[in-house]
Amino acid sequence: AVALRAGADKVSVNSAAVANPELLTEAAARFGAQCVVVSIDAKREGESWRVFTHGGSRRTELNAIEWAAICAARGAGEILLTSIDRDGSRTGYDIEFTRRVAACVSVPVVASGGAGRVGDIIDVLQNGAADAALVAGIVHDGCCTVADIKLGMVNAGLSVRAAGCQRTPDCCARPWPTQPAWRGPRRGRTSTRRWTLRRKPRGRR
């Protein structure tokens, strides 16, 4: 409530929603579903994905796809989906996971974890059925700018607000060394800012 009153358009909840799912219903009723974003951190276990809380440090018994559907039914207006396996790896988003979640909810899905180049973002939007993609490291480290990514999206036929660009759409095509899988919040980073590249609204499945 404090964040919304201070001017935030949306608030994201994760561990608190797992501990008390009714929080989503109450928040949506009070502020509107468009303000309520559920953040789901999940790790693959065999043929399914398990929900983790507290920055990815605590395993739950929740199936991530089923939990996403429950959250949407309870009033979440958006799902922020982070693959723990891919986060920080720069090997691309978990396309299958994102697509399966998007297929079972009627609210927008934001993919997170794994972006290593512009093509990864385009891939999760076109083949993962995501409505938006979150990026951080590739922008912080100078691999790409937001303008570069948007130009690549436009050239791939995705509808997005255009921005100026000084490089080519494949500016992030160069390989990156493998990095450790995500193990919770990083320390010693100069910035924690993230960007969400969102395609223009479209009809949901």
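Me: What do the numbering and the values rest on?
Reply: Residues are numbered from 1 along each chain as its sequence is written, and side-chain values use heavy atoms, with hydrogens and water left out. The model is predicted: local features need pLDDT of at least 70 and side-chain atom pairs count only at pLDDT 80 or more, while totals for chains, interfaces and linings use all residues.

Me: Which elements hold tryptophan 49 and phenylalanine 97?
Reply: Tryptophan 49 is in strand 3 (residues 48–53) and phenylalanine 97 in helix 5 (residues 95–104), 48 residues apart. Helices (H or I, at least four residues) and strands (E, at least two) are DSSP runs, numbered from the N terminus.

Me: What makes tryptophan 49 count as buried?
Reply: Buried means under 20% relative accessible area, exposed over 50%, and partly exposed in between (1.4 Å probe, protein chains only). Tryptophan 49 has 1%, so it is buried. Phenylalanine 97 is buried too, also with 1%.

Me: Why is the bond between glutamate 78 and lysine 10 called a salt bridge?
Reply: The term requires a side-chain nitrogen of Lys or Arg within 4 Å of a carboxyl oxygen of Asp or Glu. For glutamate 78 and lysine 10 the N to O value is 3.7 Å, so the pair qualifies. Glutamate 78 lies in strand 5 and lysine 10 in the loop between helix 1 (2–5) and strand 1 (11–13), so the pair ties together parts that are 68 residues apart in sequence.

Me: Are these two partners buried or exposed, wholly or partly?
Reply: Glutamate 78 is buried, at 7%, whereas lysine 10 is partly exposed, at 37%.

Me: What links glutamate 96 to arginine 44 and to arginine 100?
Reply: Glutamate 96 forms a salt bridge with arginine 44, the closest N and O atoms being 3.2 Å apart. Another salt bridge joins glutamate 96 to arginine 100, at 3.6 Å, N to O. Arg44, Glu47, Glu96 and Arg100 are linked in a network of salt bridges.
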